[in-house]
Amino acid sequence: GVTQQYLNGFNTIYVSYELPKSTVLARMLSSISEVPIHEISSEIYSTEEAEIRVKAGKAVLKYDISFDKAFSRVLKGKDFEDCKIRENYLKVIAVASAGDTSGIHELPNSEALLNMIEEYSPDFLTVDLLSEVQISNSAGSYETDLSNLVRDFKRKALKHSSVVILINQPSGETIYGLIHPKYAKSIRSSADSNLLISSTPDMKKESISVVIAEKVRHSQRGVCCPV
């Protein structure tokens with residue numbers, strides 16, 4: 001989703017408290033090039049075409065060009081100097097990989113995240129995972145802190161016409177557990193929309209999940225889409 005936001009010309013900020021930055025970028029390249037993540041991370045490719053596809057994917061991230069055209073250029077040995085560089089931005093903030101000491105920045109706390117909306121006015125801001133965000137000026141209750149943070153995000157998002165996507169774990173595997181976020185059930189009522197991702201054991205065997213629009217304010221609810 002973050003990849004498509006950026007490629008569609010939106011200004012995007014993605015903050016990951018779970019995955020290293022190298023893994024985030026590898027996943028984006030894999031999404032674009034359709035080359036397995038482990039090949040991209042190890043830089044050991046099963047075919048010559050896979051290596052070409054990754055080079056084309058990297059070009060797509062930098063230049064305003066389709067993947068097919070980028071692939072054709074790499075295949076012909078052409079450069080991209082005449083291509084327009086993307087004007088929209090993608091800002092990825094993530095934990096560092098083991099042994100990586102370059103470009104390390106402290107992960108933002110709740111106040112810093114809210115300030116990002118003020119500073120950048122992004123089209124999309126995604127936080128993964130919400131429960132890992134360090135709360136500044138705690139009210140003394142973790143659930144109250146997260147609920148207040150969601151309300152603050154809503155106010156900032158409305159002010160700057162931004163879409164804020166907060167990813168969190170479910171509180172359990174039952175129906176009740178799926179629809180209530182872990183650690184802070186109250187944020188379910190604070191958010192404008194709640195999207196759930198789940199699958200049965202049989203669905204997992206077929207690599208199928210279902211996205212459930214459990215709540216969409218002012219619109220439909222209970223819509224299920226298999227993916």
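Predicted model: local features only at pLDDT ≥ 70, side-chain atom pairs only at ≥ 80, totals over all residues.
Residues are numbered from 1 along each chain as its sequence is written, and side-chain values use heavy atoms, with hydrogens and water left out.

Back to Thr-12. You'll find Thr-12 in strand β1, residues 12-20. Helices (H or I, at least four residues) and strands (E, at least two) are DSSP runs, numbered from the N terminus. Is Thr-12 buried or exposed? Thr-12 is buried, at a relative accessible area of 0%. For those words, buried is under 20% relative accessible area, exposed is over 50%, and partly exposed is in between, with a 1.4 Å probe and protein chains only. The Thr-12 side chain also reaches the backbone oxygen of Phe-10, at 3.3 Å.

Another threonine, Thr-3, sits in helix α1, residues 2-7. Thr-3 is buried too, with a relative accessible area of 7%.

Now the nonpolar cores. By that I mean sets of buried Ala, Val, Leu, Ile, Met, Phe, Trp, Tyr and Cys residues joined through side-chain atoms within 4.5 Å. The largest one has 22 residues, and Ile-65, Ala-70 and Phe-80 have the most contacts inside it. Who supplies this core? Helices α2 (21-33), α4 (48-62) and α5 (67-76) each give at least two residues, and α4 gives the most, with seven. Take Ala-70: not counting residues up to four places away in sequence, Ala-70 touches Ala-56, Ala-59, Val-60, Ile-65 and Phe-80. Apart from that core lies another, of 19 residues, with Val-15, Ile-93, Val-127 and Leu-149 among them.

On to charges. How many salt bridges does the structure hold? There are 10, a salt bridge being a side-chain nitrogen of Lys or Arg within 4 Å of a carboxyl oxygen of Asp or Glu. One pairs Arg-53 with Glu-49, with the closest N and O atoms 3.6 Å apart. These two are four residues apart in helix α4, so about one helical turn separates them. Arg-53 is buried at 17% relative accessible area, whereas Glu-49 is partly exposed at 43%. Glu-34 joins Glu-49 and Arg-53 in a network of salt bridges.

Next pair: Lys-159 and Glu-118 meet through their side chains in a salt bridge, 3.1 Å from N to O. Lys-159 belongs to helix α7 and Glu-118 to helix α6 (residues 110-120), so this pair ties together parts that are 41 residues apart in sequence. Lys-159 is exposed at 58%, and Glu-118 is partly exposed at 30%.

The His-160 side chain makes a polar contact with the Glu-118 side chain, at 3.0 Å. Polar contact here is a pair of N or O atoms within 3.5 Å; within protein, one must be able to donate a hydrogen and the other to accept it, and residues adjacent in sequence count only if both atoms are side-chain atoms. His-160 is in helix α7, residues 142-160, and is buried at 19%.

That's my tour, thanks!

Terms used: Contact = heavy atoms within 4.5 Å.
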